[in-house]
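Please read the following report beside the sequence and the coordinates.

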Amino acid sequence: MPPSHTRNTAALTLLLLATTACTAAEHEPTPTPHSPPVSRQARQLRLPLDAYAPSVAETHLVEDAQDILIRRCMKDRGMDWKSLPPVDAQDTEPPNLRRYGADEAEALRNGYSPSPEAPSVVRRSRAWDAREALPAKVQRAAYGPSGKGGCLKTAQRQLVGDTPPLDFHAFNQLTGTALETSRRTPEVRNALRRWHTCMTKAGFDYPDPYTAAGDERWETSEPTPAERATARADVACQKSTKLVAVWAAAETRVQHRLIRANTDPLHKAKARKDRWLAAARRVLRREG
């Protein structure tokens with residue numbers, strides 16, 4: 001069967017939130033022709049550890065280069081191979097979206113529901129689904145019996161030789177630690193207290209933005225008026241208390257300390273990432 005793909009790894013930069021806090025209800029809105037943008041703050045938010053794991057766009061780049069090599073391998077075996085459709089650059093979610101709670105632009109439109117997937121993201125996801133439905137003979141040729149062999153393995157060897165696959169372990173461990181450590185700093189605790197006071201004055205009693213976003217009342221097919229009102233108050237209180245800026249500054253300091261304390265595994269992870277990306281870019285340049 002096909003290997004794990006970008007529909008799963010696209011959520012990589014949000015993985016720590018799945019293990020440390022619930023930031024949004026599980027809505028599945030229908031895609032719209034033009035997915036609305038997220039806030040400028042979310043687009044600009046960068047943290048030091050971001051450099052050590054591939055972004056969603058970089059993961060797409062590696063997949064696209066592999067696809068070129070897989071297609072050549074499959075052609076040699078007398079089989080067709082349809083490449084994945086590209087994802088438009090503006091449709092890729094920023095790496096730290098919803099890290100400290102709801103995003104302002106999304107909350108004002110959708111409450112705590114995430115924005116609908118953009119058309120180019122939907123097309124790529126459907127292409128992955130189509131691969132799962134390929135005839136068994138084609139899947140074996142492409143992926144081997146284990147899902148890690150066949151033309152995929154051939155393509156990876158052509159791409160990076162014996163360089164191991166991209167490694168997210170060190171990154172995921174440290175980003176989770178950084179979030180929780182920064183949450184306990186005096187400045188973030190104070191900002192969260194101010195946020196709580198602001199929300200209480202607005203008529204909402206939640207200890208932090210994660211709890212507000214994860215309220216089981218929001219587990220509905222569409223955002224309710226109560227959810228929208230709560231989300232609007234939430235992001236207004238985030239803004240008035242400068243919660244995101246305070247938290248991001250605190251976590252940046254924590255991440256720098258963690259990077260200094262974990263230089264060796266992070267250096268190896270980044271070197272591996274850089275080698276994969278350089279090789280992928282060479283293949284894509286040759287392809288034109």
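Arginine 98 lies in the loop between helix 4 and helix 5, where helices are DSSP runs of H or I with at least four residues and strands are runs of E with at least two, numbered from the N terminus. The model is a predicted one, in which local features need pLDDT of at least 70 and side-chain atom pairs count only at pLDDT 80 or more, while totals for chains, interfaces and linings use all residues. Residues are numbered from 1 along each chain as its sequence is written, and side-chain values use heavy atoms, with hydrogens and water left out.

At 11% relative accessibility, arginine 98 counts as buried, a class that means under 20% relative accessible area, as against exposed at over 50% and partly exposed in between (1.4 Å probe, protein chains only). The phi of arginine 98 is near 65 degrees, a positive value in a residue other than glycine. Most residues other than glycine have a negative phi. Lysine 242, in the loop between helix 12 (225-241) and helix 13, likewise has a positive phi, of about 55 degrees, although it is not a glycine; at 57% relative accessibility, however, lysine 242 counts as exposed.

**Salt bridges**

A salt bridge is taken here as a side-chain nitrogen of Lys or Arg within 4 Å of a carboxyl oxygen of Asp or Glu, and a search of the whole structure finds 16 of them.

| Pair | N to O distance |
|---|---|
| Arginine 98 and glutamate 106 | 2.9 Å |
| Glutamate 251 and arginine 99 | 2.5 Å |
| Arginine 183 and glutamate 180 | 3.9 Å |

In the pair of arginine 98 and glutamate 106, both residues are buried. Glutamate 251 and arginine 99, whose side chains meet in a salt bridge, link distant parts of the chain, since glutamate 251 belongs to helix 13 (residues 243-261) and arginine 99 to the loop between helix 4 (56-76) and helix 5 (104-110), 152 residues apart. Glutamate 251 and arginine 99 are buried as well. Arginine 183 and glutamate 180, by contrast, both lie in helix 9 (residues 169-183), 3 residues apart, or about one turn of the helix; glutamate 180 is partly exposed, with a relative accessible area of 24%. Elsewhere, Glu63, Asp64 and Arg124 are linked in a network of salt bridges.

**Buried residues and their contacts**

Tyrosine 100 is also found in the loop between helix 4 and helix 5, and because its relative accessible area is 2%, it is classed as buried. Which residues does tyrosine 100 touch, not counting those up to four places away in sequence? With contact meaning heavy atoms within 4.5 Å, its partners are Leu45, Leu47, Leu179, Pro209, Tyr210, Val244, Trp247, Ala248 and Glu251. Tyrosine 100 and tryptophan 247 are 147 residues apart in sequence, yet their C-alpha atoms are 7.5 Å apart in space.

Valine 188, in helix 10 (residues 186-201), counts as buried because its relative accessibility is 0%. Leaving aside neighbours within four places in sequence, valine 188 is in contact with Ser182, Arg183, Val246, Trp247 and Ala250. From C-alpha to C-alpha, valine 188 and valine 244 are 9.2 Å apart, with a separation of 56 residues in sequence.

**The chain as a whole**

The secondary structure of the chain comes to 14 helices and 0 strands. Buried residues make up 49% of the 288 residues, and of the contacts with a separation of 6 or more, 83% join residues 24 or more positions apart. The accessible surface, from the Shrake-Rupley method with a 1.4 Å probe, for which only the protein chains shown count as cover of residues, comes to about 14800 Å², of which 54% belongs to carbon and sulfur atoms.

**A charged patch**

On the surface, Arg275, Arg281, Arg282, Arg285 and Arg286 gather in a patch of positive charge. Patches are made of residues with over 30% relative accessible area and no salt bridge, like charges being joined within 9 Å and nonpolar side chains (Val, Leu, Ile, Met, Phe, Trp, Tyr) within 5 Å. Lys and Arg count as positive and Asp and Glu as negative, whereas His and the chain ends are not counted, and the place of a charge is taken as NZ of Lys, CZ of Arg, CG of Asp or CD of Glu. Arginine 285 lies in helix 14 (residues 263-287) and is exposed, with a relative accessible area of 59%.
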